[in-house]
Amino acid sequence: MSRIGRLPIPVPAGVQVTLEGRAITVEGPRGTLRRELHPDMRVEQAEGRLVVSRPSDAKVHKQLHGLTRTLVANMVTGVTAGYRKPLEITGVGYRAQKIGDKLQLSLGYSHPVEIEPPSGISFELENPTRLAVVGIDKELVGQVAATVRASRKPEPYKGKGVRYAGEQIRRKAGKAGKIGGKK
C-alpha cells in the first residue's frame, strides 16, 4: 500500500468537504476549491477525516493513490492556511511595484514587465526587491511564481534576475584576463 496514500487527511473545524461522484469540493475560511479526481480513486469521509482508497495493487493505481491523497490534502491546507511563494529580485535598478492588482517589474529591459494575477492570486510586496505570490490553490501559486521568475531568470555570472527565496544559483567564473599583455 502507498505510504502517502494510506495516511488519513484530517479535516479541521470550519472546513466542509462535499463529494459528488468524481468531483470533490472543499470550502473553508479562505475560499472554495473544486477538483475532478481520477475515476478509479475513492475518497470517503469518516470521523472528521478523509480516506483515499484504490481498487487494486496495479502500479498505476498505486501511483494515483498517493497523488490523489496529496491533491486533496493540498486543497484542505489551501482553504485553511493558504499558500505563499516568496521571490527575491537581485540586480542594480531591478525592482517590483504594485499598480492596482498588477505587478510591474523593472528588470533591465527597455520596458516594464506587467503581470496580471489570475483570479484567486495576489501579490504582496515587502520592499521593492522582495515579493510573494499568495493564494489558496498550490498549483496556481507555483505556476504564477514560475511565470514571474521566467520574466528574468537569474543569470550565472552576476546572479541578476528573479529567484525563489533561498534558491541557490550556481555561479560561473567570468572571463580570465590576459596575462602579460601585448609585446
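This is a predicted model: local features need pLDDT of at least 70, side-chain atom pairs count only at pLDDT 80 or more; totals for chains, interfaces and linings use all residues.
Strands β8 and β9, the latter covering residues 102-106, pair in the antiparallel sense over five bridges. Within the pairing, Q97 stands opposite Q104, a residue of β9. In general, strands of a sheet are held to each other by backbone hydrogen bonds, and they can run parallel or antiparallel.

The pair belongs to an open sheet of three strands, ordered β8-β9-β10, in which the pairing is antiparallel. Strands β8 (95-99) and β10 (113-115) stand at the edges; each has a single partner strand, so one side of each is left without a neighbour in the sheet. From one strand to the next, the twist averages 25°.

Another open sheet of three strands has the order β1-β6-β5, again with antiparallel pairing. Its edge strands are β1 (9-10) and β5 (42-46), and each of them pairs on one side only. Strand β6, residues 49-53, is joined to β5 by five bridges in the antiparallel sense. One of the residues to look for here is R42, whose bridge partner in β6 is S53. Helix α1, residues 59-80, packs on this sheet and touches β1, β5 and β6. The direction of α1 makes about 160° with that of β6.

Next comes the empty space. Rolling a probe the size of a water molecule over the atoms shows where such space is left. The largest pocket holds about 170 Å³ of space. Which residues line the largest pocket? They are L33, R34, R35, L71, N74, M75, D137, K138 and E139. Two or more lining residues come from each of β4 (31-36), α1 and α2 (138-150). By type, the lining residues divide into three nonpolar, one polar and five charged.

Finally, consider the chain as a whole. How many helices and strands does the chain have? There are two helices and 13 strands. The C-alpha atoms fill a box of roughly 80 × 40 × 25 Å along the principal axes. The chain has a radius of gyration of 22 Å, whereas a compact globule of 183 residues would have one near 16 Å.

Terms used
Residues are numbered from 1 along each chain as its sequence is written. Side-chain values use heavy atoms; hydrogens and water are left out. Two strands pair if DSSP finds at least two bridges between them. Helices (H or I, at least four residues) and strands (E, at least two) are DSSP runs, numbered from the N terminus. Contact means heavy atoms within 4.5 Å. Axes are lines fitted to C-alpha atoms, for helices over the stretch in contact, and angles run from 0 to 180 degrees between N-to-C directions. On a 1 Å grid over the protein atoms alone, a cavity is a set of points where a 1.4 Å probe fits but cannot get out, and a pocket is an open set with protein on both sides within 12 Å along at least five of seven lines; lining residues have an atom within 4 Å of a point. Grid points are joined across faces, edges and corners, and a volume is the space filled by probe spheres set on the points. Ala, Val, Leu, Ile, Met, Phe, Trp, Tyr, Cys and Pro count as nonpolar, Asp, Glu, Lys and Arg as charged, and the others, Gly among them, as polar. The radius of gyration is taken over C-alpha atoms; the globule rule is 2.2 Å times the number of residues to the power 0.38.
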